[in-house]
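Subject: Structure for your attention

Dear colleague,

Please find below the structure that I promised to hand over to you. I would ask you to keep it open while you read the notes that follow.

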Amino acid sequence: MTASDLKDVKLYYFTKVKDSSTMGRGEPVRLLLEDAGVNYEYVRLSADQWKEKKAELIKEGIPGPTMPYITINGKHYAKTVPAMRLLAKKLGKYLGENDDEEHLLDAYADFSSDWTSRWATTLFRGSDEDKKVYAETTFPQTIDTVEKMLSKYSGPYLLGERITYADFLIFHQLDDDNQAKVDSQIHPHLAAFVEAIKNRPNLQKHFNSLKQ
Ligand SMILES: N[C@@H](CCC(=O)N[C@@H](CS)C(=O)NCC(=O)O)C(=O)O
């Protein structure tokens, strides 16, 4: 299926998180949709609107609704990574090409979800000491690991020249952490990865639109 065959797609997420329109789990889904050139509607909800929406979804039989989620022709697809995988399957890209690659992407997506949870828990509920430990130890260790992941293939992406859904997840978490600022002396693969993502034509347009 091409991007233009994918119709009536909606992405649901909070309006703003800490005053940012990109912070949080909605953005990696958006990056995939933007990169693919899918025509979609981004439905942004305030905390109060989400409360109402969540009650509606529960009534409709959606168990444990959270954002982000997507709908395609009105059908609900829950959770960040599963929704991205579904889109990737429908588009026939952003996936691995064999069981081993698929497993690696699953593992990287799992790593990225854990990273996001640690980051969010520290940012929203952590003490000053927790924030210090995160900034001085957890985050540097995490990006060292990402550097190692990226050095397994020739780059610039996790599986080499082909971008996958896991790349959008890792890139966005790095952006949430430190605006994707990378020291190319310490993390050369990560620096090349960030450059490559920022220079993808559709994403370049998207990043420029965020500055306006
Ligand atoms: N594992 C889920 C976590 C989703 C999640 O916790 N979403 C938060 C916002 S980032 C949320 O919806 N919070 C409000 C709620 O749970 O009602 C995913 O990755 O989509």
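Lys79 is found in the loop between strand E4 (75-78) and helix H3 (80-91). Please bear in mind throughout that this is a predicted model. Although Lys79 is not a glycine, its phi is positive, at about 70°. How exposed is Lys79? Lys79 has 19 other C-beta atoms within 10 Å; a residue needs 20 or more to be called buried and 12 or fewer to be called exposed, so Lys79 is partly exposed.

Asn73 is not a glycine either, and its phi is positive, near 50°. Because 9 other C-beta atoms lie within 10 Å of it, Asn73 counts as exposed.

The bond from Met67 to Pro68 is cis, with omega near 5°. Pro68 belongs to the loop between helix H2 (47-59) and strand E3 (69-72). The bond from Gly155 to Pro156 is cis as well, again with omega near 5°. Here the proline, Pro156, sits in the loop that runs between helix H5 (128-150) and helix H6 (165-178).

The domain assignment of the protein gives domain 1 (3-91) and domain 2 (99-202). Their C-alpha centres lie 22 Å apart. The contact between them takes 13 residues from domain 1 and 10 residues from domain 2. On the side of domain 1 that touches domain 2, H1 and H3 each supply at least two residues, and H1 gives the most, with six residues. By class, that side of domain 1 has seven nonpolar, one polar and five charged residues.

Which residues touch the most other members of the largest nonpolar core? They are Leu32, Tyr165 and Ala166, in a core of 40 residues. At least two residues of this core come from each of strand E1 (9-14), helix H1 (26-36), E3, H3, helix H4 (99-125), H5, H6 and H7. Of these, H6 gives the most, with seven residues. The core also draws at least three residues from each of domain 1 and domain 2.

Leaving aside residues up to four places away in sequence, Ala166 touches Leu105, Tyr108, Ala109, Ser112 and Leu158.

Finally, I would point you to a pair of helices. Two packed helices are described by the angle between their axes and the distance between the axes. The axes of H5 and helix H7 (residues 188-198) come within 8 Å and cross at roughly 80°. Angles of 65 to 115 degrees count as roughly perpendicular, and H5 and H7 are therefore roughly perpendicular to each other. On H5 the contact is made by Ile143, Val146, Glu147 and Leu150, and on H7 by His189, Leu190 and Phe193. By class, these comprise five nonpolar, one polar and one charged residues.

With kind regards

Definitions and conventions: Residues numbered from 1 in each chain as written. Predicted model: local features only at pLDDT ≥ 70, side-chain atom pairs only at ≥ 80, totals over all residues. Helix = DSSP H or I, 4+ residues; strand = E, 2+ residues; numbered from the N terminus. Axes fitted to C-alpha atoms, helices over the stretch in contact; angles between N-to-C directions. Parallel < 35°, antiparallel > 145°, perpendicular 65-115°, else oblique. Contact = placed C-beta atoms within 7 Å. Nonpolar A, V, L, I, M, F, W, Y, C, P; charged D, E, K, R; others polar. Core = buried A, V, L, I, M, F, W, Y, C linked by C-beta atoms within 7 Å. Domains from an automatic or database assignment.
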